[in-house]
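Walk through this model with the sequence at hand.

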Amino acid sequence: MPELPEVEALAGYLRQRAVGRRVDRLEVAAISALKTYDPAPTVVGGRAVTDARRHGKFLDVVFDGGLHLVVHLARAGWLHYREAFASTVPLRPGKGPIAIRVRLDDGSGFDLTEAGTQKKLAAYLVTNPQAVPGVAKLGPDALSADLATFASALRGRRGQVKGVLTDQSVLGGVGNAYSDEILHAAKLSPFALTDRLTDDQMATLHAATRRVLGDAVTRSLGQRAAELKGEKRSGLKVHARTGLPCPVCGDTVREVSFADSSLQYCPTCQTGGKPLADRRLSRLVR
Ligand SMILES: [Zn+2]
């Protein structure tokens with residue numbers, strides 16, 4: 001699932017490549033992906049791309065006249081920039097991976113795609129990004145929040161730090177992958193309770209958040225965005241590395257599984273060497 005660093009890199013790529021170009025046509029192939037009907041997709045035609053921004057994990061493509069295409073890529077969505085399209089025939093609604101295509105006046109453009117059968121990609125054509133419910137409820141941005149803002153956001157929601165960090169209404173931009181990385185860098189258990197973190201732990205967590213996300217943005221920008229794949233992240237230390245050695249201490253990275261997700265952590269770095277209970281595993285043993 002694309003998180004803050006990948007979406008930030010996509011916005012950066014669009015700012016370089018698409019800003020100043022005029023839209024020929026916006027085509028919708030997956031009707032269910034476009035969550036708004038007014039303004040109609042046809043009104044994007046003829047407008048210039050003026051900016052590309054990020055709100056949490058949402059990408060915001062801005063057109064002149066104050067029109068925004070706001071996109072949540074969900075689990076398997078991505079943006080592919082095309083230097084040229086093979087055909088000028090408009091996309092027809094169908095079951096393929098392309099949800100929305102934006103053709104620009106130099107023959108280039110981009111496809112919003114979604115792999116798999118679970119279609120969760122959501123796009124909104126709006127005059128104000130705050131009209132998108134997921135954007136309106138976003139907490140402070142994880143990359144720019146200062147320590148005081150960060151600490152009050154996290155302490156305002158009592159719970160396990162892993163869940164609180166990924167709650168978009170608490171802090172915008174962090175998902176399952178980067179929360180594993182941030183907690184590893186901060187040497188905190190994913191199950192530590194937010195209201196019991198000391199001031200020192202909170203400061204360490206804040207610094208780790210900025211460092212992990214900032215480094216990932218730099219790495220993502222270094223790749224050509226068109227080739228950048230959400231699932232092919234580089235530089236991760238614990239996320240998706242169950243059973244592999246922790247690059248910091250050499251202990252084996254472990255996992256806790258939930259109904260539809262899992263988290264990874266290093267016991268030596270994060271939990272005083274003690275493995276966390278995995279409910280799925282204990283059920284199997286019992
Ligand atoms: Zn370790």
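**From the FPG-type segment to the salt bridges**

Helices (H or I, at least four residues) and strands (E, at least two) are DSSP runs, numbered from the N terminus. UniProt, in an unreviewed entry, lists residues 237-271 as "domain: FPG-type". UniProt positions are given in the numbering used here, feature names are shortened, and annotations may be inferred rather than shown by experiment.

This is a predicted model: local features need pLDDT of at least 70, side-chain atom pairs count only at pLDDT 80 or more, and totals for chains, interfaces and linings use all residues. Residues are numbered from 1 along each chain as its sequence is written, and side-chain values use heavy atoms, with hydrogens and water left out.

Now the metal. Which residues coordinate the zinc ion? Cys246, Cys249, Cys266 and Cys269 do, each through SG, at 2.3 Å. Donors are N, O and S atoms within 2.8 Å of the metal (3.2 Å for Na, K and Ca); water is not among the atoms, so sites may look incomplete. Along the chain the donors follow the spacing C-x2-C-x16-C-x2-C. The site of the zinc ion is tetrahedral, with angles of 96 to 114° among its 4 donor atoms. Four donors count as tetrahedral if all angles lie between 85 and 135 degrees. The ideal angle for four tetrahedral donors is 109.5 degrees. Cys266 and Cys269 are both buried. Buried means under 20% relative accessible area, exposed over 50%, partly exposed in between (1.4 Å probe, protein chains only).

Next, Gln270. This residue is found in helix H7 (residues 267-270). Gln270 counts as buried because its relative accessible area is 6%. A polar atom of the Gln270 side chain lies 2.8 Å from the backbone oxygen of Leu188. A polar contact is a pair of N or O atoms within 3.5 Å; within protein, one must be able to donate a hydrogen and the other to accept it, and residues adjacent in sequence count only if both atoms are side-chain atoms. Leaving out residues up to four places away in sequence, Gln270 touches Leu183, His184, Lys187, Leu188, Ser189, Pro190, Val238 and Tyr265. Contact means heavy atoms within 4.5 Å.

Turn to residues 2-94. The unreviewed UniProt entry lists them as "domain: Formamidopyrimidine-DNA glycosylase catalytic". Here the chain is 15% helix and 33% strand, with 24 Å between the end C-alpha atoms.

Finally, the charged pairs. The structure holds 16 salt bridges. A salt bridge is a side-chain nitrogen of Lys or Arg within 4 Å of a carboxyl oxygen of Asp or Glu. Arg25 and Glu27 form one, at 2.7 Å, N to O. Arg25 is partly exposed because its relative accessibility is 32%, whereas Glu27, at 5%, is buried.

Asp106 and Arg21 meet at 3.7 Å, N to O. This pair links distant parts of the chain, 85 residues apart: Asp106 is in the loop between strand S6 (98-104) and strand S7 (109-114), and Arg21 is in the loop between helix H1 (4-17) and strand S1 (23-28). Asp106 is partly exposed at 31%, and Arg21 is partly exposed at 30%.

Asp180 and Lys162 meet at 2.7 Å, N to O. Asp180 is in helix H5 (residues 176-185) and Lys162 in helix H4 (residues 161-165), 18 residues apart. Both Asp180 and Lys162 are buried. Elsewhere, salt bridges with shared partners join Arg17, Arg21, Glu83, Asp105 and Asp106 into one network.

Key:
Tetrahedral: all angles 85-135°; square planar, octahedral: opposite > 155°, others 65-115°.
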